[in-house]
Every structure is written in C-alpha cells, then in structure tokens.
Amino acid sequence: MEYDSHPAIEELIPAYALGALDGEESQVVEQHLRSCAECRRSLADYRAVGDAMLYSVPMRLAPLGLAADLRKRLTPAGVGAAVPAPPRRDWLAFLRQPAVLVGAAGLIVVLLLFSNLYFSQRVAGLEQRVAAFDQLIHAAPVVLEPALEADNGYATASPYGALYKRADSNLALLCVYNLSFLPAGQTYQVWLIHNGERESGGLFRVSSDGFGILLIEAPRPLQSYEDLGVTVEPAGGSLAPTSPRVIGGSI
Amino acid sequence: MSSFDPDDSVLLQRVARGDDDALLALHKRYVNLVYSMAWRVLNDGGMAEEVTQDIFLKLWQKGHRYDPRRGRFTTWLLSVTRFAAIDRLRSEGRQPAIVDPPAGEENEELPATWIPATEHASWEEGQHLRLLLEQLPVEQRQIVELAYFGGLTHSELADHLGLPLGTVKGRLRLGLEKLRQLWLDKAGI
C-alpha cells in the first residue's frame, strides 16, 4: 500500500486539514490519526491556520435590503380574506335588468381605460425610480468616516456612513450608522461640496439605534462634487453648516 | 476559556424559541462577514447575496444545532457559509476563481468598523494570515486558496489546473507547511 508509514501519512495531514484529500487517502489518514498523537497535534495546528483563513477574506459590505428580505421570508404576509357583503334582494333585481347591465359594463370599460392609462403612467415613473434605486444599491459604496475619533474606544459605536451613487446621476443613497439620536428641534443635514461651496443634499433623522437613510436628489450630477459632509442643524435645516461635521468624506 | 460571546448566546437561545427579532439582530451583526465569505468563494455578488440569506434562514431553522463547546459562533458561522458557497459553486457547475491579492485591483474593501468589535481580533489575525499567504510562491498560494475557498481535492485541483497529481500534492503540502510555520513563528511558538 502506498501510505503504510507514519512519514508518508504525515505528509497528507496538511491537505486533510483543508478537506483536500480524495476519499481513500482521507480514510487512511483518519485511521492513522486514531493512534498517532503527533499527527493529531500537527492536525490541530493546520486547523488553526484553516480557522484563521475564515477571517482572511476581503471585507465587503452586504447590499442594502437583505434584512428586510429576510424578515419577509420569515413571516409570510397574511392576507385577510375579503368578506363579501350580504346580497340585498331589491338591488339584485334592479341590477339584473339588461339595460343596467349594459350601462354598467360600458361604464366599467371606460373606467378601466382611464385607470389603465393613469396607472401605466404611474408605474412607468415608479419603474424608472426603482431601476435607479436598484442601480444605486448595487453600486460600490463610498465609505464616510467620522470627522473625529470616537472617544469610547468601541469601533462599532463610531459613526460611519455609506454613499451609494452613480457618477452621472443626480440620485444617491446615503445610509448612516451609529449617529447620535437627536432631540426634537434638531436634524441632520447633508452638504454636497463643490469648489468649496456647500449645497444642501437634504435632511434626515436617525432611529434610536443610530441608523438613518436618505435618498439624495442633488441639484447637479454627483460627479460635480468633491466632498460630502453631515452636520447637526436646527429643525428645518440651515442655509450653511452651523456645526462641525459629524461624518463625511471625499466622494 | 470559552470565547463564545454571551450576547450571541442569548440571541441564539431566542432564535431557537422562534424570535425573529433575535435573528435579525444576528443578521445585522454578521451579515457583512457572511457576505464577504460567500463573495470570496463565489466571486459573484448576486449568488453571494442568495447564499447569505440562505445561511440566516438555516440559522433560523437549525441554529439550535450549534454547540458552543465546539468553538466560536463566528467560526462555525463562517465555516457553514464556506461550505454552502462551495456547494452552490458546484451546483452551478462553475469553477472556483483564482483571486489575485487585492493590491492593484479594484478595491472594495471596507474598514474594520463594518464588523462587530468582538470580532476585530479574529479579523486582524485573518488579515495577517492573508499577508502570510502572499509570502508564499504564487503557484503554492493559488493551490492553497483553490483547495480552501474552492473546496477542490487533490485530483480536482490537478484537473482544474492541468497539472500532474504529484505536482499538485507537492505544492499544496509545501505551501501549507510554510504557511503553518509562518503562523507559528508569528505566534512565537
């Protein structure tokens, strides 16, 4: 047999730790491990390397919407059964008359035509926005860092943000995390900076756990701006920043 | 010493009782880690999303199978993700990708603030290991990564790379031996 000695089997331990042995070799190693403490120690070392490799992957930001999708899949939406109203004899007799039926059918056709036209326009508009939104959330985010180091020493408590944008579009999606919950009378305001001039990108508030989201509709394409900053402003926003930047970065 | 994070423990117990808020809390905490692992194996954002969601659904249905005495929750979670992504790769009939080191490529990497503070030490160790991997000769590094992230055995690696089986075995063994030695040197053992 090819693997009949400790040195020969010891050479297979690294590949065994990674699950890279083919069936027969794997069985030979498993059998050998039962009686060889040295190979078990060696295997433990290689498994520690394998465990560390789990954390060696480049970190990527998961797309938005996964949590909402997961929640939907956990609790299928309950659809309440419509309860039909009890029929009324007099009205039924009236409705059964041919002239009434023809008139009603005509009215329904006209209403359907108008509603179809109305909704098709609405849907087309919505589809455009959904398509733009879809492109945004699949774009690589620009990371927005805190302006100052967090003083509590816990990195997860530091405020940060992600800006999803397309350079040629005026639309961008801003998500922020770990920002302080503001009292009534204050709001966060986004500033888009172009040649040193600041233009408002919109107002938003955050939830009690510091999460906030804003669809920015910029006055000009995003590629026109060099930087983005977020400040705390009085409710209703300001014409120019009145407090230090909370998070921001080059965009 | 148990490195099992007590907050995870509490959340997992709640998940086992059918508390969907607890599952969503775990999702918020670990979704980036899980997605990153799935992305690394599949090299495809869409499939990585699907595997990520499947992992959390599996946690919802079978999370009680996790035994904290057998290791850290995140190590278990990432292992399950790696195997699920490798299964998906196979079911799609796709070949694992050879991924070059990040330097010089389009870099979407994120700072450590995107992962829970409790995982920073492990993440830093992993990133250090990635640097050690880059010290290996390229032919050894590629084989180690294909075996680990692609789930390929010796014979599958030989087919995939068009190399003799003996060459593959030698490169994988040498690469892993060197990596282990660098790892132990770093740990001062």
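Visitor: How do you know which residues count, and how are they numbered?

Guide: Residues are numbered from 1 along each chain as its sequence is written, while chains are lettered from A and ligands numbered from 1 in the order in which they are written. The model is predicted, so to speak of local features we need pLDDT of at least 70, side-chain atom pairs count only at pLDDT 80 or more, and totals for chains, interfaces and linings use all residues; side-chain values use heavy atoms, with hydrogens and water left out.

Visitor: Let's start where the chains meet. What makes a residue part of the contact between chain A and chain B?

Guide: Contact means heavy atoms within 4.5 Å. By that rule, 49 residues from chain A and 62 residues from chain B take part.

Visitor: How do you know what area is buried between chain A and chain B?

Guide: Buried area is the accessible area (1.4 Å probe) that two parts lose on being put together, summed over both. Here that gives about 5,300 Å², with 67% from carbon and sulfur atoms. On the chain A side, A:Tyr55, A:Met59 and A:Arg60 lose the most area to chain B, together 19% of what that side buries.

Visitor: Why is the pair B:Lys169 and A:Glu25 called a salt bridge?

Guide: The term asks for a side-chain nitrogen of Lys or Arg within 4 Å of a carboxyl oxygen of Asp or Glu. Between chain A and chain B the count is six salt bridges.

Visitor: Which elements of chain A give two or more residues to the side that touches chain B?

Guide: They are helices H2 (13–17), H4 (37–54) and H5 (66–74), with strands S1 (142–146) and S2 (160–165). H4(A) gives the largest share, ten residues. These helices (H or I, at least four residues) and strands (E, at least two) are DSSP runs, numbered from the N terminus.

Visitor: Why is B:Gln140 called buried?

Guide: Buried means under 20% relative accessible area, exposed over 50%, and partly exposed in between (1.4 Å probe, protein chains only). B:Gln140 has 11% relative accessibility, so it counts as buried. This residue is in helix H6 (residues 138–150) of chain B. Leaving aside neighbours within four places in sequence, B:Gln140 is in contact with B:Arg171, B:Leu174 and B:Gly175.

Visitor: What puts the buried residues of helix H7 (residues 154–161) of chain B on the same side?

Guide: The buried residues are B:His154, B:Leu157 and B:Ala158. They cover an arc of only 100° around the axis, which puts them on the same side of H7(B). That arc is taken from the directions from the helix axis to the C-beta atoms. Just after H7(B), B:Gly162 takes a positive phi of about 65°.

Visitor: What makes phi worth a look in residues other than glycine?

Guide: Most residues other than glycine have a negative phi. A:Asn178 has a positive one, near 65°, and lies in the loop between strand S3 (171–177) and strand S4 (186–194) of chain A. Phi of B:Asn43 is also positive, near 55°, in the loop between helix H2 (20–42) and helix H3 (45–62) of chain B.

Visitor: Why are A:Asn178 and B:Asn43 called partly exposed?

Guide: A:Asn178 has 24% relative accessibility, so it counts as partly exposed. B:Asn43 is at 36%, and therefore counts as partly exposed too.
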